[in-house]
Amino acid sequence: MDGPHMRLLQALFNNRETLPDDVCKFVDNLLPQQLLSRSRSCKVPVVAYMCHIRGVHRDLRVLLALADCPNANIYATSGCCVIINQKWESEKTLARLRLGILGIEVLNFMVINYIVVGNTEETYDGVITGTL
């Protein structure tokens, strides 16, 4: 998610200026403030990090390097988790569609297998006869 630089946000905060509309939309998207419970609410400190390399989560070389990394401890780092989660969010809908299509293909193979194998009978003399 592309947004303003951290220094701009710091300068606006230090000067006690209101956020411009585009920055306000970015902050609301990044850190949504929704009530999850109607009975009570609390305020907690939140820390947001900025990646210094723009678009690193979209770079195929970075994703391949993460996939091929022999050290499994890399997946415990927050930066790696963010890159993987960001890519998953962009691929989730298409992955579910592919999974549905694969499920339909498996169901089709099961029906074809039942139709072909279910109608064959083995006689006592070892000859397989089919009825179509």
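This is a predicted model: local features need pLDDT of at least 70, side-chain atom pairs count only at pLDDT 80 or more; totals for chains, interfaces and linings use all residues.

K92 and E89 are 3 residues apart in helix 4, which means that about one helical turn separates them. These two residues form a salt bridge, with their closest N and O atoms 3.2 Å apart.

**Salt bridges**

- The structure contains 2 salt bridges.
- One of them joins K92 to E89, and both of these residues belong to helix 4.
- R61 forms a salt bridge with D59, and here the closest N and O atoms lie 3.2 Å apart.
- R61 has a relative accessible area of 64%; because the cut-off for an exposed residue is over 50%, R61 is classed as exposed.
- D59 has a relative accessibility of 24% and therefore counts as partly exposed, a class that lies between under 20% for buried and over 50% for exposed.

**The largest pocket**

- The volume of the largest pocket is about 2,000 Å³.
- Its lining consists of 43 residues.
- The residues of the lining that lie nearest the centre of the pocket are L30, L31, V47, A48 and Y49.
- Helix 1 (6–14), helix 2 (21–30) and helix 4 (78–118) are the elements that each contribute two or more residues to this lining.

Terms used:
Residues are numbered from 1 along each chain as its sequence is written. Side-chain values use heavy atoms; hydrogens and water are left out. On a 1 Å grid over the protein atoms alone, a cavity is a set of points where a 1.4 Å probe fits but cannot get out, and a pocket is an open set with protein on both sides within 12 Å along at least five of seven lines; lining residues have an atom within 4 Å of a point. Grid points are joined across faces, edges and corners, and a volume is the space filled by probe spheres set on the points. Helices (H or I, at least four residues) and strands (E, at least two) are DSSP runs, numbered from the N terminus. A salt bridge is a side-chain nitrogen of Lys or Arg within 4 Å of a carboxyl oxygen of Asp or Glu. Buried means under 20% relative accessible area, exposed over 50%, partly exposed in between (1.4 Å probe, protein chains only).
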